[in-house]
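Let's take a friendly walk through this structure together. Have the sequence and the 3D view ready to turn as you read.

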Amino acid sequence: MSLSSALSIAQSALLATSKQTSVVSRNVADASNPDYTRRIAVVTSTAPGARAVEIQRAANDLLFRQNLSALSAWSGQSALYDGMDQLDLSVNGVDNASSPSTAIANLQKALQLYATTPSNQNLGTSVVDSAKQVVNSLNSGTQAIQDFRTQADSQIATAVDDLNSLLSQFQDANKAVISGTRSGTDVSDALDQRDALLKKISEYVPVSTFTRGDNDMVITTKDGTTLFETVPRSVTFTPSSGYSAGTAGNTVYIDNVPVSAGTGDNSTADGKLAGLLKLRDGVASTMQSQLDEIARGLVTAFAETAPSQPNATGLFTWSGAPAIPAAGTLVDGLAGTISVNAAFDPSAGGNPALLRDGGANGVAYVANGGGGASYADLLIGYSSKLDQPMTFDSSAGITVSSGVSDYAANAIGWFEGVRQQASANADSKQALAARTAEALSNDTGVNVDQEMSLLLDLEHTYQASAHMMKTVSDMLDALMSAVG
């Protein structure tokens, strides 16, 4: 081997070792970056004694796709559960203290106490005050639910804007990958950026991907709607300024295809958009329907009756008074408009004794014709009617036959059941996302100990190459001295 060949080999080895060291140093520097994928410097021989370094990027498509799916499920489930927590507190209060169920229980106690001493009108006033608490619970609950729906609508609009922004950034990253692939340059950084954006996109909608020539990536939603192909597809949504009971929310569209909240019950969601849609149009709307059914049940239970006369509103009234709402038929927004009949309210000039005697709708409805101070039949009857089974609209999510008092308790039970299931689902989805992220990191991430060990090996290689160059240099010096 000639000295010039030996020198060339040594120089090539030094250059290759330098590039390998640079790659290892970069790996160590970005070891804590969750979006960084380990680089591998592969040395190849291009000619006798010559070396070249090709930088490869560690990748595992199967684990990456599993992680995308897990991230989407966790994001949707987290949005759903967090929203339920907020909704529960705003409607029912801490430990259900402000719930209609609690208020109705207090009303029933006040009625029973009044029935024991019907001559005591202070107890009658207490019943009216308890009725006002029931009304306040239903009115404020309705307002809280519709405010929540408006807030969820706003969050949907923000999520749509964020998703469009991410897709625009993805387009830039995808162009960089395609350009680098065509020119033969290292595209590792661009691929890292593209994968990081894909993770963020998957948090909003579940996605599937496939890669075409030149590393060009196409993104579709889980149900097959194209989200990105060369250019981003438009994600559109028109937010509402406010909501009322029974009002449907606007739809989110991807490439003019409606986005579904997904199959399954109210306790599951896949992707943040699905979670918010299910909160706005599923959980919150069902809660509102239950409040409306509770209000209808109260109007019905306290209705005044008379021979040959239609039933008419009593202690509780509504916009259709004096008529009673149709049995078993949901009246949207009734919980927001129900009120205490002024005829019974002393603060409005009414007489609470009408609860004992009847007659708020005229003489024909008077039950205590003799005016007896100890008459308690109506009071006992009202209390009993709160427990008597009546027909409720099954669309409100509760199908068990019960009285209005139990129905209000069942409404809390329904929500707690959905919330607990959502919590369990959120925990499992979070664990799955963590496990898939860990598995992906173990396979494609940086192990600092391994990199430091490799760095020591490269140091030894560098020392050997440097020693070889020094030996060649000494030989050249000796040769030049001999010639001279």
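Two strands count as paired if DSSP finds at least two bridges between them. Helices (H or I, at least four residues) and strands (E, at least two) are DSSP runs, numbered from the N terminus. This is a predicted model, in which local features need pLDDT of at least 70 and side-chain atom pairs count only at pLDDT 80 or more, while totals for chains, interfaces and linings use all residues. Residues are numbered from 1 along each chain as its sequence is written, and side-chain values use heavy atoms, with hydrogens and water left out.

**The sheet**

An open sheet is built from 4 strands in the order β3-β4-β5-β6, with antiparallel pairing. At its edges lie β3 (207-211) and β6 (231-232), each of which pairs on one side only. β4 and β5 are antiparallel and share 3 bridges, while 2 bridges join β5 (residues 226-229) to β6. Here are some of the residues that face each other:

| Residue | Opposite residue |
|---|---|
| V218 | E229 in β5 |
| F228 | P232 in β6 |

The hairpin of β5 and β6 has 1 residue between them, and T230 in the turn has a positive phi of about 70°.

**The nonpolar core**

A nonpolar core is a set of buried Ala, Val, Leu, Ile, Met, Phe, Trp, Tyr and Cys residues joined through side-chain atoms within 4.5 Å. Buried means under 20% relative accessible area, exposed over 50%, and partly exposed in between (1.4 Å probe, protein chains only). The largest such core has 92 residues, of which L298, F302 and F316 touch the most other members. Helix α4 (residues 121-183) gives the most to this core, with 19 residues. Contact means heavy atoms within 4.5 Å. Beyond its neighbours within four places in sequence, F316 has contacts that include L107, V134, L298, F302 and I338.

Not counting residues up to four places away in sequence, S72 touches S202, E203, V205, P206, D270 and G271.
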